[in-house]
Amino acid sequence: MTCSFSGLCLFSNGQQQPVSLSFSEDSVSAIYGETFSNTLRVANNLNESVLLKKTVSDSFALIGLPDTVRLNPREKKQFPVRYLTSASLISTVRNKITAGYRITGKTGALVTSFFIHTPDVQQFILSVINPVNYLNTQTNTGTVQVKCINNGYTDLTTTLRLKPYPEGLEITDNNRTITLQPGSQQVLTFNFRNRLAQNLISDFSLSVQAVEAVSGRELGATYAKVLVLANEKRFAIAGSTDASLINNSAQLSYWNTTNGLSYYQLGSRGVAQPSTRSELRYNLNLNYYTRPFSGAEMYDSWIAYKGKHLGAQVGNIAENLDYSLFGKGVKLSVFPDSSNAVSGYYVKNNYLLFSDITRQREEATIWAGTYTHSGKNNNSGLNYINSNDPFTGVQTNLINARSGWQLKGDQFLELEAGYSHEKLSGARRANETGYAAGFRYRYNKKRWSLLSDNYYSSPYYSGLRRGALLLQEHIDYHFNPRQHVFIHYEVVNNTPRYLSSYYPALFHTKTAEYQLGFATTTRGWLINLRSYFYTQALDQKILSTALALRSTSWHLAADLSYTINGHTMMFSGDYGNVRSSNPYLANKNYNVWQGRFSYSYKLIGFNAMLQYNPFYLIQEPLPWQQGTFRQYTLGPYLRFAALNNRLELEASDNLNYYGYYFQGWSNTAQGKVSFRFKKTWQVSAQVMYNTYQQYPGYNFLQTQVSITKSFMQKNAPGYKSLSVVFFGDKNANGSWDPDEYPVENVIAALGQSLAQSNHKGKIAFTNLKPSVYKLQIQDGNGWWLINPVDVSLTRNQKLQVALVKTATISGKIVSEKNAFLQDAPLLEGITIIAASKQGEQFTAITDAAGGFSFNLPAKPFTFSAETREGNQTITNQQQTITIREKDNPLIIFNLTDHTRKVDIKQF
């Protein structure tokens, strides 16, 4: 890559460049937490000496370029540069690092650059524990569990937003903000309530979106299904699925409830790899009831095979094709190559694989076909569904397509469209067509980010979003990486219509939101302030009387979270003034406020929520409801582990009130204890007690005891295994001496595998493809690698890996006085570098007071500081300190600011 000139050029197009600049590599791979390097080549093509002065700052460089370069006639020189891949580097330079010089005494500038690219590692992973969740019609409530994993290298603060479709589900503890440390994960439980008691729609789709709290960008999205349960037995089944089963395991449980239901449950799941290019997955859930009746049911059970070119699944099938496939049947797939797949389905939409105790209604028969393409910059899909439902009498044909492109720069565009035809048989014959279209565009560049998400479907469109107008426009402007303002506009209109009388459209809703906000982060605080205008419309039938409600409201809201030393606290407040047209309101102009608070620290935490007056039209009173609407929630929880994590205890309670006149209290208390023995066995017991003030006859106690056996996974043909034993290297000599001992509870990563060392310090990684792996410590429990560990896995191997204790060392930037400066220099954002003799590099960023701290292995390190301002220098660089487990000295760097410094020269 040769240099480019800006300003006035010193030569015409045909002239030779006086000085040429280029990097030896045009593109360099950069992995988070590791260093990368390149070499700048400089050549003087003139017959005279030249002096170059640097014009582009390289404050992030561990090994930087010289400020001046003197070249003799026709002389060539090379200068190495080295950087540490960090979040601050990537956010500042994006994907390009630039070097620039000017020739003293001549006009023009010399500029060259090289690109850096990071491997495609998904920093944030979002998933639901159970893709299918249940709503009990007795209590109108249910729960969904969401797992969040920070797979990156920096702390991540995200807000989780759940949205139901169609309208009708209220998430009582929505918009929850959490902070995850690198490598950590958290499971969150969200409670939902059916706001429309007369809603007869059989199921809901629930989208889960994770949004980065600082930037507002989307980190991930997933979805879950919510099904309505019609009786108590089915509710007990719904709560019995143990999501903690691991691969290749079997579990036998016994359940008993005070409402007279008892049954045994057998569950198993796992994966086997017959060859390097194929895998076999299975899942089994079987219940055998002993009282008040006897018999067996099987559900969520299937076996699936995937090879290089063919795949098949038999049993229960649950997939989202913009049409719900949730039943029993067969799926066949063909994979022409790694980017394309064609699948065909035959499904009976009944989630019970078989039952000899329950008579199910006649299910819909579905034939479907799909095509998917997954490319580097494009993902596309085409679906066709034919459904014949004898219960509703509706025959459906649906086709939909979706395609997304990763455009130049950080841009993404997605288009989708659909067409459907429904035919009603029987005495009331009818035909209706429907259509849908949508587009989604995301754009990020420097200070600006934009998200436009739009979708429309006609009232009779057969997809999951029937009769919907969904508009979302979001614009962010970033003053700096920690502060931004945003504008948000959102419309959600639901006006579905149905041919079948089984799904009467009892309600239509329309909402619009106009929002303006500001967000900032500083010293562990995350602050989000916003104001929004909200309109609602609800059309429904009450006792055969049409009721049209309208409301407008203006709100002020704030979200505050604070994280320090593992403690995370979050407060969210919303205050608004509402004007409603509800004829059953005594005061049609009222104030509403809502407050949420959560706290978590290691093993304990709680969530709380208070709401005064209705936020939604559906919460406003109807003729038979008197008094004032209130909602309260308090949910403490505790997790405890002992005996090297073999004994685990969980306990939680959720006290909730919802409604008028204090008749809506409910409480759920639950606890679980488990004990792991002989490595692969586990026994557990759990209890759950539910009370409902409105339904005293429905209070019941549910207990469960179980035993679980997990099976050691063996290597597939051609795959290898790695056994690692960690030991504490007291003298840091890299050898296991007699007085040194193994280190347990170390969480280590090897590629995509994650494991924890046992009491013997051992970790076993199995089923690994032959390759070169880097062993990384995710949570060292106070220990760290003495040297980087790279493993070339061409055969099964055993390694002893030395660890050294980590310790905290702190320091401070001290500004020297400057008589020419009225304001003290900015001390925040200065990069501090700690380098070991083995080449390891660690960085820290100073806070507003100039303070910084490291958690480093106990061995020698050399500390240096890199300022971003060219007029600032550190006078005492390269401080070498031997880190000890305690009593480490305070590191002091002296900063001199040369702003407005006057140099007097005698002529």
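View 1. Strands here are DSSP runs of E with at least two residues, while helices are runs of H or I with at least four residues, and both are numbered from the N terminus. This is a predicted model, in which local features need pLDDT of at least 70 and side-chain atom pairs count only at pLDDT 80 or more, while totals for chains, interfaces and linings use all residues. Residues are numbered from 1 along each chain as its sequence is written, and side-chain values use heavy atoms, with hydrogens and water left out. Is Gly-220 buried or exposed? Gly-220 is buried, because its relative accessible area is 13% (buried means under 20%, exposed over 50%, and partly exposed in between, with a 1.4 Å probe and protein chains only). Not counting residues up to four places away in sequence, Gly-220 touches Leu-126, Val-208, Gln-209 and Ala-210, where contact means heavy atoms within 4.5 Å. Look for Phe-124 too: its C-alpha atom is 7.0 Å from that of Gly-220, although the two residues are 96 residues apart along the chain.

View 2. Strands of a sheet pair through backbone hydrogen bonds, either parallel or antiparallel.

**View 3. Nonpolar residues gather in a core.** A nonpolar core is a set of buried Ala, Val, Leu, Ile, Met, Phe, Trp, Tyr and Cys residues joined through side-chain atoms within 4.5 Å. In soluble globular proteins, nonpolar side chains tend to be buried together. The largest core here has 26 residues, and Val-19, Phe-36, Val-42, Leu-52 and Tyr-83 touch the most other members. Several elements give two or more residues to this core, including strand 4 (35-44), strand 5 (50-54) and strand 7 (68-71). Which element gives the largest share? Strand 9 does, with four residues. Now focus on Val-42: leaving aside neighbours within four places in sequence, its contacts include Val-19, Leu-21, Leu-52, Leu-71 and Phe-79. A second, separate core has 23 residues, among them Leu-126, Leu-188, Phe-192 and Leu-219.

**View 4. Salt bridges link parts of the chain.** How many salt bridges does the structure hold? There are twelve, each being a side-chain nitrogen of Lys or Arg within 4 Å of a carboxyl oxygen of Asp or Glu. One of them joins Lys-331 and Glu-319, with the closest N and O atoms 2.7 Å apart. Lys-331 lies in strand 26 (residues 324-337) and Glu-319 in strand 25 (residues 310-320), twelve residues apart. Lys-331 is buried because its relative accessible area is 17%, whereas Glu-319 is partly exposed at 23%. Another salt bridge joins Glu-416 and Arg-465, with the closest N and O atoms 2.9 Å apart. Glu-416 is in strand 32 (residues 410-424) and Arg-465 is in the loop between strand 34 (448-457) and strand 35 (468-480), so this pair ties together parts that are 49 residues apart in sequence. Glu-416 and Arg-465 also belong to a network of salt bridges with Arg-402 and Glu-414.

**View 5. Ser-553 meets His-555.** Ser-553 lies in strand 39 (residues 545-564). Ser-553 counts as buried because its relative accessible area is 3%. A polar contact of 2.8 Å joins its side chain to that of His-555. Such a contact is a pair of N or O atoms within 3.5 Å; within protein, one must be able to donate a hydrogen and the other to accept it, and residues adjacent in sequence count only if both atoms are side-chain atoms. Leaving aside neighbours within four places in sequence, Ser-553 is in contact with Tyr-532, Phe-533, Tyr-534, Asn-577 and Val-578.
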